[in-house]
Amino acid sequence: MGLTAEQANWLRQRFDQRVSTDLMERKIYSHDVGVMPSLVKPLIGKAIADAVVQPEGEDEVVDLMRWANEARVPLIPRGKATSGYGGVLPIEGGVTVDFWRMKRLLEVDTEALTVTVEPGIVWEDLADELAKEDLALRLYPSSAPSSTVGGWLAQGGFGYGSFKYGAFPENTVSARVVLPSGEARTFEGDDLDLVADAEGITGIITEVTIRLRPAEPERVIGARFAETDQLTEALEAVVDQDLPLWSVSFINPEMAMMKNMRPPEMEHGKPVDHDRPEIPEAYVVVFVFSASDAEEAEDALGAIVERSGGKLIDRSLAEHEWGERFSIMHVKRLGPSLIPTEVVVPLGKLGQALSDIEGSVRLPLVIEGMVAKGEGEPEVVLLGFIPHDERTLGYNLAFGLSLSAIEQAKRHDGRVYGSGLYFAHEAEEILGTERIQKLRAFKQETDPYGVMNPGKVLGNGNFLGSFMQVAGAFEPLVRRVGNLAKMPIGERIEGAGRRGVPDEVAWYAYTCAQCGYCVDPCDQFYGRGWESESPRAKWFFLKEYMAGRAELTQEWVDKFIACTTCELCNVECPLELPNEPSWLTMRGELIHEREELTFPPFEIMRASLEKEHNIWGSYRNDRADWAEAGLDQLPDEAEICYFPGCTASYVEQDIAQSTACLMHKAGVEFTYLGEDEACCGIPMLMAGLWDTWEEIMRHNIRAMKRRGVKTVVTSCPACWLVWKEYYPRWAEKLSIDYPFEAKHYSEILAERVRSGDLVFDKPVDMRVTWHDSCHMGRAGGIYEPPRELLQAISGLEFVEMEHNRENGHCCGSVMSLVADPPAAKRIGDVRLREADDVAAEAVITSCPCCEVQLRVTAEKTGRDLPIIDLGAMACDAAGIEHPDSTAYALEMWATFEAMINLLNPQPMADLMVDLLPEMVDAMPYGMGGMMRAIGRVPGGGTILRAMKPLFPTLFPMLMPAMMEDVMPDMLEAVEKRVPMPEHMREQMPELMPRAMENLMPKMLPAIVPLIGDPLIDYLQEG
């Protein structure tokens, strides 16, 4: 039915930019990790939210609840959608409520050992915060890197730590919940039954208080068992002897086999040599306990394992498996899809149940088990997945095997793990008759209109519930058919692409587990706040696009380009997918191949680069000016060449001067390309302008060869990444000889410090922190050399920010800064808050782009926090004078930011409106005179408005012939809007026409609708 205009209006007025009615955004917030078979999906209908809102506090939740209850609009609470049974699917439309903005830690009670949090806080983040207080979680889910506290309470269930502490609701002190009436009530004790496991059907959780434990080092022991009865005997003995274990989990032989088969992680197109031990193809158990219990637990466990016919495994293997506990879905790389089947069985019947489940499902079935004890009878949660391919008809058939696992579990007094949407008809078996009756009575009292999450727990899941009941009744037949739907196991990349999506990108889109681990850490996401910006959403969109259910609009082209290339998603991904490299591949497809519009400022940069070999609108013959600051004459040829790059050459010259002076002082002989140096080209690579990228690459390689260079040394991490990774890969692809290695200058100087050839003899009294640049950190692994230099400086107090090295946050520069300066400021502020938290007096980094961005952020957020270049700091310690380029860098950035703001549709439309007289005069074929004449005659306005639908077709035809005549006036209008240094102003008459030649045909579809009415008004007014 959808929202009425009045309802949509209310949401916009109350939530402003924190509501979205965009169709694709709504789709993204209307799915979970499960993939429903194509033949089953029609049973639940449209299942797309009508809007998504992001409340910031309980007061907004109260208002939303009262409005929804009065308007009879369904509300669907959504944590991170890490379950696969449809609990967050909006089967009746309505409004999905996203709690990303309600993720604060409210209070820690160290005496009572409790913590109170908002519902949207992610478990892993909470654990990190508690560790600062020497506290730890009692238990957490296997999806802790992405799932939320509120989501798990609503879902219910077990996790790591459940052996000692039972189910999560048993460890919850209280929950504050807003009911449909708008009343906020605190539930505790037995009343928590009305919230826990209820999947949001009774209200929206706004606060949760949970019990904690003191932090203590963990010890891990692993064992292997060949048979299910051996496994069961050992686990029962562990329970009978009441061993002080915290967590007990295991995998089945199929899981071990597929973990051994999974492809290697790839970095820059090459496999990464990670330590990946061979896992025995057996039932492998990991026992975890506190270090204080080690003596009692270790001896007893060894005896139990031996008596049960098992064997202990190397501790290193056990610790490796425990370290990968959040990566249960990494076997999806071999799918590319997974069919989930999750059940709970009594521990005493585990062996029989496991044997029957594995025997009934003839397709590969990978299982992770968790033993849950707590205060009740011990149970085992079996999280099972069947690798398959959702693109095939066989997936529909094999999906029925999830029912087979459930039916086998029921034969042994087991049950479905959670109800969700698919198993709402099983809720009574899951929760018990008494709880269901209690829930139903409360629901009838507080939610008579059924506003809260329709179809879950107390419903039958629309037609789906009836279908699942019928399918369950015919399970033997379903099983026979499902077992025929075999699929090969392993990556099958070739031929995966559809609608122009490259094969490898297409395969990874289907492989993505949609686990959400990449969402919150993604700076593109948290800089903008909507999940469509995240890697998870990009993969989901590509699947929708390839299936013909979405179109590749300019908005989505922009989302692929806007990635800052920080690569944190690659670190977080449990499947080790090459996320960021895939976006680079898509840039090539979208911009280079399809000639879609890149971010407009890159066209100005390209014009400058092609004319003067730099992106800053400066002259080529000024590139070497920085080297005149007291450096000795550099040789024309040398084995080492310093490559400072554009920003250090023109804007932040202190970087280039400091680097060169330090290498000179350290006795490093090097040459320099001078005016023959061109931009490294990475802006063009990331912008998808690959023709220009290739030309620049060829130029720089030729220039280096002419000077006999063997090692290219950079100060800019992006330049380093280009010379280290991108140039050699492209050179191989284009059959270009590439005889160079690349080093960052910090690597060379750290070696000279160790050898004593470089000494810092001037103390620097300052407390500083180090910002790891993404392009030389995560992308290159250069972490220690810069720290060695800082730690070698006498008097310097060096402190680490909370997120450092491979987990360091991005500054928000490059693509975000070029595309969306306000988002870049929010991203940079996250980083600078970490510097504030450690009371740093300055942030040190070595990246020109990071320095610009962090300085801009510091200025915009009112911080008096210096951002200092590593070379400048080292020069201070070495007694070398150097300039401070901060003021000029901010001045130049002001020019670029003004240009970025101008090159958006509305500002460009405003500029063109100012130029309407000149534009009409410049129209070819007498069109301008004719339109003026129409505007003057009686009824001319009506005629012009009738012509308005033709404007989007007319203007692209007329504009090329108009530009030459209009350009002088356009340049004058641009200069009024963009403050420019003299050298840039001088070049604009050449740069602007080049840029507009590429931009105008692609921008006009967005601009013309904005100038239609002003044009008609102008023509009528004469």
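1. Arginine 18 makes a salt bridge with glutamate 56, with 3.7 Å between the closest N and O atoms. Arginine 18 sits in the loop between helix H1 (5-15) and strand E1 (19-20), and glutamate 56 in the loop between strand E2 (51-53) and helix H3 (58-71), so the pair ties together parts that are 38 residues apart in sequence. A salt bridge here is a side-chain nitrogen of Lys or Arg within 4 Å of a carboxyl oxygen of Asp or Glu. Helices (H or I, at least four residues) and strands (E, at least two) are DSSP runs, numbered from the N terminus.

2. Before going on, the ground rules. This is a predicted model, where local features need pLDDT of at least 70 and side-chain atom pairs count only at pLDDT 80 or more, while totals for chains, interfaces and linings use all residues. Residues are numbered from 1 along each chain as its sequence is written, and side-chain values use heavy atoms, with hydrogens and water left out.

3. Buried or exposed, how does arginine 18 come out? Arginine 18 is buried, at a relative accessible area of 12%, and glutamate 56 is partly exposed at 37%. The cut-offs are under 20% relative accessible area for buried, over 50% for exposed and partly exposed in between (1.4 Å probe, protein chains only).

4. By the salt-bridge rule the count comes to 67. One of them joins the side chains of lysine 860 and glutamate 897, at 2.5 Å from N to O. This pair links distant parts of the chain, 37 residues apart: lysine 860 is in helix H34 (residues 848-860) and glutamate 897 in helix H36 (residues 886-902). Lysine 860 counts as partly exposed at 36% relative accessibility, and glutamate 897 as buried at 16%.

5. Glutamate 975 and arginine 985 form another salt bridge, with the closest N and O atoms 3.8 Å apart. Glutamate 975 belongs to helix H41 (residues 951-977) and arginine 985 to helix H42 (residues 982-1021), so parts 10 residues apart in sequence are tied together. Both ends are partly exposed: glutamate 975 has a relative accessible area of 35% and arginine 985 one of 30%. Back at the pair from point 1, salt bridges that share partners join Arg14, Arg18, Glu56, Glu60 and Asp63 into one network.

6. Now have a look at H28 (residues 690-706) and Asparagine 700, which is found in it. Asparagine 700 is buried, with a relative accessible area of 0%. Leaving out residues up to four places away in sequence, Asparagine 700 touches Phe643, Asp676, Glu677, Ala678, Cys679, Cys680, Trp723 and Tyr727. Contact means heavy atoms within 4.5 Å.

7. How do H28 and helix H29 (residues 717-733) pack? Their axes are 11 Å apart, at an angle of about 105°, which makes H28 roughly perpendicular to H29. Among the residues making the contact are Asn700 of H28, and Trp723 and Tyr727 of H29. By class, the contact has 12 nonpolar, one polar and one charged residues. For the terms:
   - Axes are lines fitted to C-alpha atoms, for helices over the stretch in contact, and angles run from 0 to 180 degrees between N-to-C directions.
   - Angles under 35 degrees count as roughly parallel, over 145 as roughly antiparallel, 65 to 115 as roughly perpendicular and the rest as oblique.
   - Ala, Val, Leu, Ile, Met, Phe, Trp, Tyr, Cys and Pro count as nonpolar, Asp, Glu, Lys and Arg as charged, and the others, Gly among them, as polar.
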